[in-house]
Amino acid sequence: MEFSKLNKWLNELNICIRCGYCYEHCPLYKISNWEIDTPRGKLLLTYGLLTGRIKPSSYVAEKLFQCFYCKNCSKSCSAQVSPTDIFTDARTDFLGLGFQVQGTTVKNDEKRCITCGRCVSVCKAKALSMDISNMRVLVDRIKCKGCGVCVAECPVGAMSQKQGFGVSRPELSAKIVGPLAEVRQTPKVIILCCDWSIYPGLRLSRTELTETESPASIIVTVCGGRIDPGLILDTFCRGAWGVMIACCPLGECEHDGNYRAKDRVTLVGKLLDVLGIGSQRLRIEHFATGEDQKLKKAVAGFVSEIKSLGSI
Amino acid sequence: MKINIKLLKQIVGEENVRDNIADLYMYSSDSSVHEANPWVVVKPERVEEVQEIIRYANDRLIPVVARGAGSGACGHSVPIDGGIVMDLRRMNRILAIRPRDVLCKVEPGVVCDDLNRALQPYGLWFPSTPESGRVATIGGAIANNGSGVRAIKYGTVRDYVLGMKVVLANGELVTLGADTRAQSSGYQLDRLMVGSEGTLGIIVEATLLLRHLPKFRAMGIAKFNKLEDAGETISDIVASEVTPSLLELIDDIAITALNKTLNMNFPQVEAIVVYECDGRLKEAVDYDMQTIKEICEKHNAFGIEVGSDAKEMERIYSGRKKLFAALSRYREGFVCTSLADDMAVPSSKIAECARKIHEIGERNHVIMNAYGHCGIGVMHTKILMDATKKEQWEDAKRAVAEVYEYVRSVGGTTSGEHGIAISKAPAWKKEKADSLHMMKTIKKALDPNNILNPHKLMDAPDDWVAATKLRYPVQL
């Protein structure tokens with residue numbers, strides 16, 4: 001049987017009414033704006049495969065390997081369909097069929113890798129392992145959820161994610177350049193948000209934040225743990241007066257990325273003090289899903305403090 | 001038919017055209033039971049692009065089906081004849097919010113809830129937002145004349161459309177209506193476009209009347225041991241001097257589904273009625289709430305809970321909005337299909353209609369439930385069945401026919417808010433038998449080559465089951 005893992009989901013796929021509520025908060029759809037990148041679209045892909053409407057192809061496989069497992073889709077589905085579980089089984093079947101695709105999963109550059117094992121130790125999904133006999137890092141593309149914590153943690157830049165999903169380093173840097181280039185916008189505050197917890201609330205708050213007094217620019221990333229020290233420093237170098245990292249409450253992050261982010265904020269804060277910039281210009285705050293009002297207040301408070309500090 | 005993909009890419013850009021079989025399959029269905037692949041999908045961003053696509057399609061007699069969120073319940077955006085599906089979600093700009101004129105101008109791809117978030121700082125809102133407003137687009141809501149839970153006080157989408165810009169079948173751009181509330185005689189062509197389901201033109205901009213957000217809201221939930229009592233209560237409330245801002249019936253099947261999937265903790269009774277009043281004065285709202293409570297009590301309601309806690313009210317609304325999908329979990333092996341889903345009956349017939357629906361479901365070996373915005377006469381049902389069995393589709397077909405026969409017999413209408421498209425067309429054509437010729441004449445005059453969403457409404461096939469391939473894996 002071609003789709004031995006996926007087969008069991010046919011009834012669940014019948015249950016899906018295709019209302020589309022699942023794509024409301026899908027970060028991938030926000031980037032591509034194509035139906036095929038929505039959770040509904042990917043459920044249709046699996047349905048099409050099982051019912052013979054479409055044939056397996058590299059294109060289809062690549063799409064099914066594109067998911068950050070934020071599970072905003074599952075949370076919005078009152079039919080209780082779990083898209084991510086279905087995608088995981090589809091991934092297994094596609095690998096079994098011999099398809100070699102990366103999607104949103106991480107890649108290890110063996111030429112750069114010094115096999116320090118740092119990435120393996122921070123991967124909560126246990127998607128990374130050390131092949132001792134060949135001294136190389138192996139990526140389990142079924143388990144990898146694309147959080148990017150290992151990418152941020154790698155000391156030599158050997159871990160990477162493909163461009164096109166808004167999470168690669170060049171893309172994150174590019175997102176910062178735009179708002180900071182707006183010369184009239186002061187104080188220049190950048191908020192780096194984790195969309196696992198903040199994104200739905202962020203959408204609720206965004207209009208008010210931009211319509212009223214707050215000039216902060218919000219950038220959505222995937223996980224607070226993806227924000228590497230270099231990115232934070234780069235943000236200051238490009239003219240930011242202050243940077244806030246907004247991520248899940250401690251203990252609630254699927255990847256423990258918020259602990260990583262917290263450590264990095266402490267570290268970079270010390271550096272900012274040494275440089276005379278001041279650690280008070282860098283802050284980490286924790287928000288649970290739906291705490292949009294708390295986020296709004298925290299942003300307004302931070303902007304006000306940075307305003308009184310002035311530019312660097 | 002060979003489509004000039006290269007030309008379409010020149011019009012909207014390489015990245016906004018797809019003809020891969022996997023992408024085409026994405027656009028083959030919506031929330032209905034139907035399925036048909038388009039030949040190509042395009043995503044225009046500007047009005048001029050829409051015009052160029054339409055000119056090309058009209059010249060080559062290629063069908064064009066406009067699509068928003070694809071959340072329609074009866075096959076509006078299913079390209080029954082193939083052709084071009086035009087995904088309008090890139091046209092999602094709010095062009096103007098004019099508080100002094102109490103109106104806004106929007107592109108068709110603006111998501112309903114996004115518009116309301118943008119309006120909130122001005123103390124304004126667009127009340128006629130469908131339950132699917134989290135994804136549903138304004139263009140879809142207009143093309144379908146949606147309404148939503150607050151229509152009892154605030155009316156339907158048609159009441160809020162002041163004007164619009166439309167690309168006609170020949171590619172011409174016309175401005176219909178005006179920025180005023182009053183528009184005297186002459187054919188009100190903007191109103192004609194509302195509810196035309198993409199068959200007369202592509203709406204590329206809409207001018208919408210807005211309302212001020214109410215200062216106070218209160219909600220009540222009344223429980224009933226008999227479905228009929230709940231129905232009669234609604235009829236009496238509608239006939240009273242009070243106009244609630246929300247008046248919903250939820251029957252036992254819906255209660256079970258909501259409790260099971262969303263832990264709503266609704267009491268397991270035969271029916272509940274949810275009502276809400278809003279206004280500028282707390283005292284006035286309280287007075288209306290009291291009147292409704294008394295009507296409920298007259299019909300044996302018990303355990304009436306009244307409150308104005310915003311979080312609790314949001315929990316109830318949110319649960320109500322997710323009922324359609326929740327019904328899929330009512331019984332193992334039965335999936336929720338959007339059939340006979342939104343008839344409207346005169347307000348005195350609510351109780352009778354609800355009971356009829358249950359009876360028809362039982363008689364035809366499917367599960368049908370009764371819920372909805374009964375304050376405006378809209379009675380929702382869904383057909384829960386084993387969609388993989390051929391005989392269940394025969395059962396469903398009989399049940400649908402029986403429901404609509406009853407609806408017509410009491411002076412009701414086939415669709416109160418979800419539209420006609422394919423699934424409801426056979427019943428609707430019976431209901432509108434003597435005006436179908438008028439409609440066909442209008443269609444012919446505005447779209448002589450029949451390229452705009454062909455074979456929907458009055459031109460849809462007479463057998464909805466055989467109209468397209470069904471989305472489910474079933475051999476008929």
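This is a predicted model: local features need pLDDT of at least 70, side-chain atom pairs count only at pLDDT 80 or more; totals for chains, interfaces and linings use all residues.
A crossing of two helices is called left-handed if the near helix is turned anticlockwise from the far one by less than a right angle, and right-handed if it is turned clockwise.

Two packed helices are described by the angle between their axes and the distance between the axes. Helix α13 of chain B covers residues 350–363 and helix α14 of chain B covers residues 390–409; the two pack at an angle of about 155°, with their axes 9 Å apart. Angles over 145 degrees count as roughly antiparallel, and α13(B) and α14(B) are therefore roughly antiparallel to each other. On the α13(B) side, the residues that meet the partner helix are B:Lys356, B:Ile357, B:Ile360 and B:Gly361, and on the α14(B) side they are B:Ala399, B:Glu402, B:Val403 and B:Tyr406. Sorted by class, the residues of this contact comprise five nonpolar, one polar and two charged.

Helix α13(B) has another partner to look at, helix α8 of chain B, which spans residues 227–239. The axes of α8(B) and α13(B) come within 7 Å and cross at roughly 145°, and this crossing is right-handed. From α8(B), the residues B:Leu227, B:Glu228, B:Gly231, B:Glu232, B:Ile234 and B:Ser235 take part, meeting B:Ile350, B:Ala351, B:Ala354 and B:Arg355 of α13(B). The contact of α8(B) with α13(B) is made up of five nonpolar, two polar and three charged residues.

Next comes helix α3 of chain B, residues 47–60. Its 14 residues reach 20 Å from the first C-alpha to the last, close to the 20 Å expected at 1.5 Å a residue. Buried within α3(B) are B:Glu49, B:Val50, B:Gln51, B:Ile53, B:Ile54 and B:Ala57. Just after this helix, B:Leu61 takes a positive phi of about 55°.

B:Ile80 sits in the loop between β4 (64–67) and β5 (84–87) of chain B. A residue counts as buried if 20 or more other C-beta atoms lie within 10 Å of its own; B:Ile80 has 22 of them within that distance, so it is buried. Although B:Ile80 and B:Lys456 are 376 residues apart in sequence, their C-alpha atoms are 8.4 Å apart in space. Beyond its neighbours within four places in sequence, B:Ile80 is in contact with B:Ala36, B:Ile422, B:His455, B:Ala467 and B:Thr468.

B:Ala344, by contrast, belongs to a strand, β18 (residues 342–344) of chain B. B:Ala344 is buried too, because 23 other C-beta atoms lie within 10 Å. Its C-alpha atom is separated by 9.1 Å from that of B:Gly411, 67 residues away along the chain. Leaving aside neighbours within four places in sequence, its contacts are B:Ile376, B:Gly377, B:Val378, B:Gly412, B:Thr413 and B:Gly416.

Finally, the two chains touch. In the model, 30 residues of chain A are in contact with 36 residues of chain B. On the chain A side, α1 (10–15), α3 (39–51), α4 (58–64) and α10 (199–211) each supply at least two residues. The largest share, five residues, comes from α3(A). By class, this side of chain A has 14 nonpolar, ten polar and six charged residues.

Note on methods
Residues are numbered from 1 along each chain as its sequence is written. Chains are lettered from A and ligands numbered from 1 in the order in which they are written. Helices (H or I, at least four residues) and strands (E, at least two) are DSSP runs, numbered from the N terminus. The expected span of a helix is 1.5 Å times one less than its number of residues. A residue is buried if 20 or more other C-beta atoms lie within 10 Å of its own, exposed if 12 or fewer, and partly exposed in between; C-beta atoms are placed from the backbone. Two residues are in contact if their C-beta atoms, placed from the backbone, lie within 7 Å. Ala, Val, Leu, Ile, Met, Phe, Trp, Tyr, Cys and Pro count as nonpolar, Asp, Glu, Lys and Arg as charged, and the others, Gly among them, as polar. Axes are lines fitted to C-alpha atoms, for helices over the stretch in contact, and angles run from 0 to 180 degrees between N-to-C directions. Angles under 35 degrees count as roughly parallel, over 145 as roughly antiparallel, 65 to 115 as roughly perpendicular and the rest as oblique.
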